[in-house]
Amino acid sequence: MGLVDEAMEKTFIIDKVTTLDDYGSVKTVYQQGAEIMAAYSFNSSTQARIAAQQGVNNRFTILTRKAVVLQYPDIVQRASDGKYFRITSDGKDNRTPAGAGLDLRAVEAEQWELPLDE
């Protein structure tokens with residue numbers, strides 16, 4: 001899996017946590033969780049480019065090891081540039097078969113921004 005391994009980079013799963021604020025209310029915070037390795041492929045198809053012109057966020061395919069199951073609406077952060085991605089598909093649906101030499105699982109994602117304050 002040489003090329004796939006070379007494309008993988010450090011990524012963090014972002015955990016959504018609720019906590020009490022100073023006023024007795026509940027607020028949502030996002031924090032870095034587990035570190036995983038993932039490869040990112042930008043969807044540059046004609047349909048994706050048209051959608052981007054109409055305001056749809058950039059689309060990506062994210063590859064991980066089969067042991068990592070990302071699902072909608074999980075959030076991940078690419079360590080190299082700090083960009084966030086929201087998973088838009090079910091990670092249980094697309095993985096290499098048990099007998100295959102590749103140990104991969106694929107999910108679709110969109111580039112995403114963390115909410116400023118919830």
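1. S1 (residues 9–20) and strand S2 (residues 26–42) pair in the antiparallel sense, over 11 bridges. Two strands count as paired if DSSP finds at least two bridges between them. Strands (E, at least two residues) and helices (H or I, at least four residues) are DSSP runs, numbered from the N terminus.

2. Ground rules. The model is predicted: local features need pLDDT of at least 70, side-chain atom pairs count only at pLDDT 80 or more, and totals for chains, interfaces and linings use all residues. Residues are numbered from 1 along each chain as its sequence is written, and side-chain values use heavy atoms, with hydrogens and water left out.

3. Overall layout. The protein chain holds 2 helices and 6 strands. From the N terminus on, the order is α-β-β-α-β-β-β-β. Of the 118 residues in the chain, 30% are buried. Buried means under 20% relative accessible area, exposed over 50%, and partly exposed in between (1.4 Å probe, protein chains only). Take contacts between residues at least 6 apart in sequence: 54% of them join residues at least 24 apart. Contact means heavy atoms within 4.5 Å.

4. The S1–S2 hairpin. S1 and S2 form a hairpin with 5 residues between them. Gly 24 sits in the turn, with a positive phi of about 80°. Most residues other than glycine have a negative phi, and most peptide bonds are trans. Thr 19 of this pairing stands opposite Lys 27 in S2.

5. What else does S1 pair with? Strand S4 (residues 75–78) is a partner of S1, antiparallel, over 4 bridges. Within that pairing, Thr 11 stands opposite Arg 78 in S4.

6. S2 joins S3 by 4 bridges, and the two run antiparallel. Ser 41 has Thr 61 as its bridge partner in S3. Strand S3 (residues 59–64) is joined to S6 by 6 bridges, again antiparallel. There, Arg 59 has Glu 110 as its bridge partner in S6. Strand S5 (residues 84–87) also pairs with S6 in the antiparallel sense, over 4 bridges. Phe 85 stands opposite Gln 111 in S6. Strand S6 (residues 105–112) is mostly covered, with 7 of its 8 residues buried.

7. Thr 64: buried or exposed? Thr 64 lies in strand S3. It counts as buried because its relative accessibility is 2%. A polar atom of the Thr 64 side chain lies 3.3 Å from the backbone oxygen of Val 68. Leaving out residues up to four places away in sequence, Thr 64 touches Met 8, Ile 36, Met 37, Ala 38, Leu 70, Asp 103, Leu 104 and Arg 105.

8. Asn 58. This residue is found in the loop between helix H2 (46–53) and S3. Asn 58 counts as partly exposed because its relative accessibility is 32%. Asn 58 and Phe 85 are 27 residues apart in sequence, yet 9.5 Å apart in space, C-alpha to C-alpha.

9. A cis peptide to check. The bond from Tyr 72 to Pro 73 is cis, with omega near 0°. Pro 73 has its place in the loop between S3 and S4.

10. The largest pocket. About 180 Å³ of space lies in it. Of the 12 residues that line the largest pocket, the closest to its centre are Lys 16, Tyr 30, Pro 73, Ile 75 and Trp 112. On a 1 Å grid over the protein atoms alone, a pocket is an open set of points where a 1.4 Å probe fits, with protein on both sides within 12 Å along at least five of seven lines; lining residues have an atom within 4 Å of a point. Grid points are joined across faces, edges and corners, and the volume is the space filled by probe spheres set on the points.

11. Make-up of the lining. Strand S1 gives the largest share, 4 residues. By class, the lining of the largest pocket has 7 nonpolar, no polar and 5 charged residues. Nonpolar here covers Ala, Val, Leu, Ile, Met, Phe, Trp, Tyr, Cys and Pro; Asp, Glu, Lys and Arg count as charged, and the others, Gly among them, as polar.

Note on methods. Polar contact = N/O pair within 3.5 Å; in protein donor to acceptor, adjacent residues only side chain to side chain.
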